[in-house]
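Please read the points below beside the coordinates. They are set out as a colleague's note, grouped by element and by pair.

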Amino acid sequence: MVVEARMTLNTVYLDIVKEALRRDRCEVSPVVYYPVDLSFERIVEIEKFSYLLIDKKRKSIFESYYKTHISSLRRGKKIFYPNSSCLESIQIQDRVLEVVFRRARIFPTLYIDFIVLNDLRDLLDIDSAMIKVKKASNRGAEPYLYKVAEALKINSNLSSISHKCIETIQRRLKQYEKIVKLESRAKVGKILKLASFYYCHGEEKISRAEARRLYYYLRYMNNLDSKTRRGGEDGEKIIRKIFNQ
């Protein structure tokens with residue numbers, strides 16, 4: 001899908017969110033936006049749902065993907081990133097920043113990426129961009145995307161959300177519950193982190209500190225750590241708090 005209408009990073013982001021919710025697996029691919037105004041205003045009402053610390057991650061993304069390439073970008077060199085990176089390439093041509101995402105987690109990662117692109121606007125003295133996203137989804141974190149839709153009132157018209165996307169969100173919520181109740185095991189820590197922090201940022205039943213301690217506990221209980229990290233011993237108490245036991 002190619003969108004050739006003048007947009008800002010904000011309208012691009014909202015369009016990706018809406019389009020993903022319309023798709024059966026809550027994902028969209030591929031999509032190209034041009035021209036895009038690199039201005040981006042932070043959306044305060046959705047930031048509370050982020051399991052990442054936004055400004056900390058913003059700094060990390062800038063330093064990891066852009067900082068060392070500023071001089072090369074100014075000379076027009078095309079920067080390629082390894083296959084393990086969500087970012088595929090970036091280049092400036094005719095004062096247009098061309099950014100290609102290999103894959104992107106719509107929230108919160110792509111949201112933070114757009115904050116960083118806004119930062120680059122002033123640093124590189126450019127205003128326009130071509131944004132290509134080969135695949136955008138919230139795989140593993142679909143309930144967070146739904147919370148964003150709620151905050152933005154995108155889900156007020158449920159007919160605009162795919163039935164299968166809703167089913168995917170519901171299945172993921174059930175998976176989070178089973179993981180936290182220790183009724184289901186996980187082989188990787190990422191899903192444990194998403195499940196733990198959802199009860200902080202999505203359900204607001206525990207604090208961020210409690211979510212972190214719960215995550216440590218779940219890592220130990222799923223044999224991903226040989227012993228509990230500091231605070232993980234509170235895991236059982238936090239689980240009872242979540243489910244009012």
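This is a predicted model: local features need pLDDT of at least 70, side-chain atom pairs count only at pLDDT 80 or more; totals for chains, interfaces and linings use all residues.

1. Two packed helices are described by the angle between their axes and the distance between the axes. For helix α7 (residues 163–180) and helix α8 (residues 189–201), the angle is about 95° and the axes are 9 Å apart. Because angles of 65 to 115 degrees count as roughly perpendicular, that description applies to α7 and α8.

2. Which residues make up the contact of α7 with α8? On the α7 side they are R172, L173, Q175, Y176, E177, I179 and V180, and on the α8 side they are I191, L192, L194, A195, Y198 and Y199. By class, the residues of this contact divide into ten nonpolar, one polar and two charged.

3. E177, which is listed among the α7 residues that meet α8, also forms a salt bridge with K174, in which the closest N and O atoms are 3.9 Å apart. Since a salt bridge here requires the nitrogen to lie within 4 Å of the carboxyl oxygen, the pair with its 3.9 Å separation is counted. Both residues belong to helix α7 and stand three residues apart, about one turn of the helix. An α-helix has 3.6 residues a turn, so residues three or four places apart point the same way. E177 is partly exposed at 23% relative accessibility, and K174 is likewise partly exposed, with a relative accessible area of 43%.

4. How many salt bridges does the structure hold? The total is 18, and one of them joins the side chains of R23 and E19, with an N to O distance of 2.9 Å. R23 counts as partly exposed at 29% relative accessibility, whereas E19, at 13%, counts as buried.

5. Another salt bridge is formed by the side chains of D55 and R42, at 2.8 Å from N to O. This pair links distant parts of the chain, with D55 in helix α3 (residues 54–66) and R42 in the loop between β4 (31–37) and α2 (44–47), 13 residues apart. D55 counts as partly exposed at 43% relative accessibility, and R42 counts as partly exposed at 30%. Through salt bridges that share partners, R42, E47, D55, R58 and D119 are joined into one network.

6. When its neighbours within four places in sequence are left aside, the residues in contact with S137 are C26, E27, A104, R105 and I106.

7. K18 is found in helix α1 (residues 9–22) and is partly exposed, with a relative accessible area of 36%. The C-alpha atom of K18 is separated by 32 Å from that of L214, a residue 196 residues apart from K18 along the chain.

How values were computed: Residues are numbered from 1 along each chain as its sequence is written. Side-chain values use heavy atoms; hydrogens and water are left out. Axes are lines fitted to C-alpha atoms, for helices over the stretch in contact, and angles run from 0 to 180 degrees between N-to-C directions. Helices (H or I, at least four residues) and strands (E, at least two) are DSSP runs, numbered from the N terminus. Angles under 35 degrees count as roughly parallel, over 145 as roughly antiparallel, 65 to 115 as roughly perpendicular and the rest as oblique. Contact means heavy atoms within 4.5 Å. Ala, Val, Leu, Ile, Met, Phe, Trp, Tyr, Cys and Pro count as nonpolar, Asp, Glu, Lys and Arg as charged, and the others, Gly among them, as polar. Buried means under 20% relative accessible area, exposed over 50%, partly exposed in between (1.4 Å probe, protein chains only).
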